[in-house]
Structure formats: C-alpha cells, structure tokens
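User: Can you walk me through this one? Please keep it short and plain.
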Amino acid sequence: MAGNVGAGAAPGAKGGTAGGARGRPPARNQSSSLRRALAVLDHVRDHADARGVSLTRIAEDLGISKSTVLRLAAPLVDGDLLTRDRETGWFRLGHGALRLGQAYLSTLDLRAVAADPLRRLQHTVGETCHLVVYDAPNVVYVDKVENDHNVRMASRVGMQMPAYRTAVGKAVLAWLGDDDFDMVVAAGLEPRTSWTITDPVRLAAELERVRVAGYAVDDRENEPEVRCVAAPIFDHNDRAVAALSVSGLTSRMTPARVREVGPLVERTGLEISRVLGSANPRRRPDRRAGGRSEGSRP
C-alpha cells in the first residue's frame with residue numbers, strides 16, 4: 001500500500017527530472033496524501049449505511065474532486081480497508097478494517113488503559129480513585145489510587161461489592177437493560193447503612209438521575225461516612241462494562257464538592273471509553289417491548 005503513495009524516482013536517477021522519473025507523475029507530499037486518504041476512510045466509517053456511501057457525497061463533504069477521492073481511495077481498496085460496490089460505486093469499510101480493529105482490541109487491557117487517566121484524576125481531586133468491572137450483580141475492584149490523607153478507604157483490589165449500593169455499580173446499571181436490573185433486585189437490596197436504597201422503584205428513579213447527570217453518587221449508602229462519585233466506562237460495543245470513582249469522607253466530599261467532581265469523573269470515563277473503542281456510549285438502554293408501569297423503571 002505504501003508503494004502507491006508518493007512514489008517517485010531517486011534524485012539523480014537516469015532520465016529523471018525534478019518531477020520524478022520520466023513517465024511518472026510528480027512526487028506528491030506523502031504526509032498530506034496520507035492525511036487526506038485517512039479523511040476518506042474516516043468519512044466512510046462515520047457515514048456509510050448498509051449500502052455504503054457514494055463517491056459524490058464523499059467528494060462534496062470533504063471538499064475535494066471525485067477524481068481525487070478515487071486516487072486517495074485506491075490504496076485503501078487495495079489494502080482491503082475499503083471496498084467499492086461494482087454496480088453502485090459506493091464505498092464501505094472492508095474486512096481489513098475489521099482485522100485492524102480486532103488486532104487493536106486484542107491488545108487492550110482495561111487497567112493499563114485506565115492507569116494514567118485514573119492517576120491524573122486522583123492528582124486533580126486529591127481523593128482516592130477506584131476502577132471496577134461489572135460482574136453481575138456485583139462490581140469487582142481492579143485498581144485503586146490512594147489519597148494522601150491519613151484516613152484511607154476500606155476498599156481493596158479484588159474486593160466485590162453489590163452494585164446497587166455503590167456509585168460505581170449504579171454508574172454501570174444506569175446504562176444496562178432490564179435483565180441486569182432484575183438480577184440485581186433478585187439478589188437482594190439489603191441495607192448496609194440507613195441511607196442505602198432498598199426499594200426497586202427508588203433505585204430505578206436513581207438510575208434515571210444518573211443518566212441525566214452523567215455520573216452516579218453513593219451518598220453514604222455503602223459506608224456511613226463516605227461519599228463516592230462514579231462514571232461508567234463503555235467498551236467497543238458501547239456497553240457499560242466498568243466504572244471509575246472518586247471516594248472521600250463526607251467532611252471533604254460535601255454535596256458542593258460532589259457537584260464539582262462529577263463532571264471530571266464523567267470526562268475521565270469517556271476518555272477511557274474512547275480508547276476502548278466506544279463511539280457513541282451515552283445511549284439509553286434497551287427496554288422490553290411494552291415496558292413497565294411509569295415509575296417502576298426508568
């Protein structure tokens with residue numbers, strides 16, 4: 001594929017000119033050509049439907065001629081990153097794009113991807129930060145960055161906790177469907193503190209608030225002197241599979257502080273999600289046909 005971009009004769013080659021070897025087009029700026037070819041690839045990725053996307057639309061949207069689109073697309077088609085329908089001439093992603101995506105995903109490790117964002121967040125807010133994965137009906141703590149205060153959180157890596165009474169659990173549940181909600185309710189909503197939500201209707205309403213806000217709050221529901229703020233992490237299928245949180249004593253994590261920290265946590269979750277391949281994470285979860293009575297579920 002590289003041989004198709006910016007090929008030209010070496011300086012001083014017999015019969016060469018300033019424009020390259022005789023009979024060859026002048027050498028092009030390879031970096032510029034590559035960027036424009038990637039723009040074509042990105043456009044097809046973002047705009048193609050089941051039929052693909054037309055040559056005319058690509059050219060018009062990118063502000064380049066059709067002949068330029070065809071030239072830029074040629075090595076992408078040769079490399080199976082794009083495919084072109086023989087009858088309509090429309091472009092779609094090729095199976096080479098799938099292979100690249102699979103290779104990329106196979107190298108991802110959630111802890112490694114989240115490590116730097118989690119530590120930057122901890123440095124910014126000065127409180128303990130957690131990373132968890134969802135293992136219905138629980139969450140499992142897989143990483144933790146401690147604060148510098150004398151009082152440390154009781155959480156530890158490897159610990160499991162019921163999803164319904166933690167901010168990280170609610171952050172994930174808010175973006176899952178009915179089956180996951182039912183599984184959590186069936187496992188029991190036992191009170192851990194006097195603030196624990198134990199009523200399914202109240203929990204459903206709480207999850208709706210999470211979707212609106214973009215982050216979840218555990219207001220002393222798991223530990224009586226601790227508040228947590230959490231946001232979901234989405235995978236390449238745009239499914240909530242993990243979450244991160246900021247946790248602190250109520251004396252420091254006041255309601256006002258929660259409102260300041262919440263958007264920071266949400267942005268960090270979206271940053272990690274993008275690296276994991278998520279494109280459009282904040283979609284409402286699927287609901288059963290017919291739904292439920294108003295107020296019983298968000």
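User: What should I know before we start?
Analyst: This is a predicted model: local features need pLDDT of at least 70, side-chain atom pairs count only at pLDDT 80 or more, and totals for chains, interfaces and linings use all residues. Residues are numbered from 1 along each chain as its sequence is written, and side-chain values use heavy atoms, with hydrogens and water left out.

User: OK, helix α7. Which residues are buried there?
Analyst: Asp 178, Asp 180, Phe 181 and Val 184 are buried in α7, which spans residues 178-186. Buried means under 20% relative accessible area, exposed means over 50%, and partly exposed is in between, using a 1.4 Å probe and protein chains only. Helices are DSSP runs of H or I with at least four residues, strands are runs of E with at least two, and both are numbered from the N terminus.

User: Why do those buried residues line one face of α7?
Analyst: Seen down the axis, they fall within an arc of 165°, so they line one face of the helix. The arc is taken from the directions from the helix axis to the C-beta atoms. As background, an α-helix has 3.6 residues a turn, so residues three or four places apart point the same way.

User: What do the buried residues of α7 pack against?
Analyst: They pack against β3 (128-135), α6 (167-173) and α8 (200-213). The face turned away carries the exposed residues Asp 179 and Ala 186. After α7 comes Gly 188, with a positive phi near 105°.

User: Where is Ile 272, and is it buried or exposed?
Analyst: Ile 272 lies in helix α9, residues 255-275. Ile 272 counts as buried because its relative accessibility is 1%.

User: What is Ile 272 in contact with?
Analyst: Leaving aside neighbours within four places in sequence, Ile 272 is in contact with Leu 110, Val 113, Ala 114, Pro 117 and Ile 233. Contact means heavy atoms within 4.5 Å. Leu 110 is 162 residues from Ile 272 along the chain, yet their C-alpha atoms are separated by 8.6 Å.

User: And Gln 122, buried or exposed?
Analyst: Gln 122 is buried, at 10% relative accessible area. Gln 122 is in helix α5, residues 110-125. With neighbours within four places left out, its contacts include Glu 127, Cys 129 and Val 145.

User: New topic. Which residues does the cis peptide bond join?
Analyst: Ala 136 and Pro 137, with omega about 5°. Pro 137 sits in the loop between β3 and β4 (138-145).

User: Which residues have a positive phi without being glycine?
Analyst: Arg 220 is one of them, with phi near 65°. Arg 220 lies in the loop between β6 (216-219) and β7 (226-234). Asp 238 is another, at about 60°. Asp 238 is in the loop between β7 and β8 (240-249), and Asp 238 is buried at 15% relative accessible area.

User: How many salt bridges are there?
Analyst: The count comes to 17. A salt bridge is a side-chain nitrogen of Lys or Arg within 4 Å of a carboxyl oxygen of Asp or Glu.

User: What does Glu 271 form a salt bridge with?
Analyst: Glu 271 pairs with Arg 120, the closest N and O atoms being 2.4 Å apart. This pair links distant parts of the chain: Glu 271 in α9 and Arg 120 in α5, 151 residues apart. Glu 271 is partly exposed at 28%, and Arg 120 is partly exposed at 44% relative accessibility.
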